[in-house]
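Please keep the structure in view while reading.

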Amino acid sequence: MVQITNHMPTAELQALDSAHHMHPFTHAEGLAAKGPRVITRASGVWLTDSEGNRIIDGMAGLWCVNIGYGREELAEVAARQIRELPYYNTFFQTTHVPVIALAAKLAELAPGDLNHVFFAGSGSEANDTNIRMVRTYWDVKGKPGKKIIISRKNAYHGSSVGSGSLGGMSGMHAQGGMPIPDIYHINQPNWWSEGGDMTPEEFGIARARELEEAILHFGEDRIAAFIAEPVQGAGGVIVAPDTYWPEIQRICDKYEILLIADEVICGFGRTGNWFGSQTLNIRPHIMTIAKGLSSGYQPIGGSIVCDEVASVIGSVEFNHGYTYSGHPVAAAVALENLRILEEENVIRHVREVASPYLRRKMEDLTDHPMVGEAKLVGLMGSLALTPDKDSRAKFASEPGTVGYICRERCFANNLVMRHVGDRMIISPPLVIKPEEIDIMFDRARKALDEGYAKVKAEGLWKAAS
Ligand code: PXG
């Protein structure tokens, strides 16, 4: 077999990649024509590619590398665990020390009586667990009619058939027979794009009331749960108006339904607290976790479940689980990651240093002709691009055209900053320092200037009518 290494020429790696590797959410022919960037190593907030470029990672990988790259301690823990016990399952009346320790630590960190953890290999798997768990909960409680899970348009909850159905991404639903039955989507609290003439406060209430309307429409006896991200991530870092979550909480309290907070992105410090539910004052029955749980060093996810739901589920045999539920190496690495987040006060750094600094830099950027709203919670931010700030106009071009141009300019300037439609997304490792935020924003401004010039040159500086 040919030895494939970091030292092969980029073009050869790209050719092999195109020949054999199917990428997620990718138009393969387009990528093959262009060639993917080959990332070879990383340290702190910096990536290196096969051409030797140093790229600043404004996305923490995929919203997950919270403690930054290259932490030796995690490598040590993984190696030690592989030597001691690389794998054992948690199915047949067995357990092991890493999974016990991680579950106990999560119960300590999670708010309220969220004291029980069902592990999975990813956020998608965890949300599939949640679908089965909440429906089983109501079955056991003698209310089998309660099956419908209410979610939101433009939410992201994963890519498996179940979690992709919970998500509200129309492009995903168009492929492969989704959504599954008994999932219903209400509108998202995206004031900038959908708020019309309402104030953000009015709009927040109006969008929250859609939950109540849906409950009344189907009947409380048919609704199992409501699921939402505290701050929508993949949908474009949509921060709900201040009035939204209190109203959602009121509605969930009033009717007998379970509240699932999908903390896959918001969890583990991203919003300036351990969980987004704490930042937004939400009291969920179940939290979905993944990503920052291990800072992405190992694939691991799970559901943190409240006493009541765990006790009802515990009264029957719950026929559910994954080979890698509570994988010992992933659990040990996650535990070490939590130790670092805690002992190095990373979340306090987010709240007191990095987030206020990033906020100033983002607000400075709103003087750019293309940048409308700047939104930030903790270290999760977005910039809305618009041809007319006053009217919050959309571009006349296909949504995402301008965002893509700007993302390409970021990439060319060795900055990873993504676009979702015509919003630019920022979600750096939580350990980012002010001087690194400066570098990120020097590059971002340059990229936006170049993007703006290109948008004008291509005749795209036009508002939709
Ligand atoms: N819930 C939320 C809130 C997520 O953001 C998942 C669940 C699914 O997790 P897994 O581990 O199965 O991927 C996610 C994942 C993007 C992007 O383009 C975001 C995610 C995944 C892939 C791409 O922003 N989030």
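A polar contact is a pair of N or O atoms within 3.5 Å. In this predicted model, a backbone N or O atom of Tyr156 lies 3.5 Å from a nitrogen atom of the ligand. In total, 16 residues surround the ligand, and the closest are Trp63, Gly123, Ser124, Asp262 and Arg418.

Attention now turns to the packing of helices. Two packed helices are described by the angle between their axes and the distance between the axes. For helix 10 (residues 200–218) and helix 11 (residues 244–254), the axes come within 8 Å and cross at roughly 20 degrees. Angles under 35 degrees count as roughly parallel, and helix 10 and helix 11 are therefore roughly parallel to each other. Their crossing is right-handed. Residues making the contact include Ile205, Ala208 and Leu211 of helix 10 and Ile248 and Ile251 of helix 11. By class, this contact has 8 nonpolar, 1 polar and 6 charged residues.

A second pair is formed by helix 16 (residues 401–412) and helix 17 (residues 434–457), whose axes come within 8 Å and cross at roughly 135 degrees. These two helices are therefore oblique to each other. The crossing of helix 16 and helix 17 is right-handed. Among the residues in contact are Val402, Ile405 and Arg409 of helix 16, together with Leu448, Glu450 and Lys454 of helix 17. This contact divides into 7 nonpolar, 1 polar and 3 charged residues.

Methods
Residues numbered from 1 in each chain as written. Predicted model: local features only at pLDDT ≥ 70, side-chain atom pairs only at ≥ 80, totals over all residues. Heavy atoms only, no water. Axes fitted to C-alpha atoms, helices over the stretch in contact; angles between N-to-C directions. Helix = DSSP H or I, 4+ residues; strand = E, 2+ residues; numbered from the N terminus. Parallel < 35°, antiparallel > 145°, perpendicular 65-115°, else oblique. Left-handed = near helix turned anticlockwise from the far one by under 90°. Contact = heavy atoms within 4.5 Å. Nonpolar A, V, L, I, M, F, W, Y, C, P; charged D, E, K, R; others polar. Near = heavy atom within 4 Å. Polar contact = N/O pair within 3.5 Å; in protein donor to acceptor, adjacent residues only side chain to side chain.
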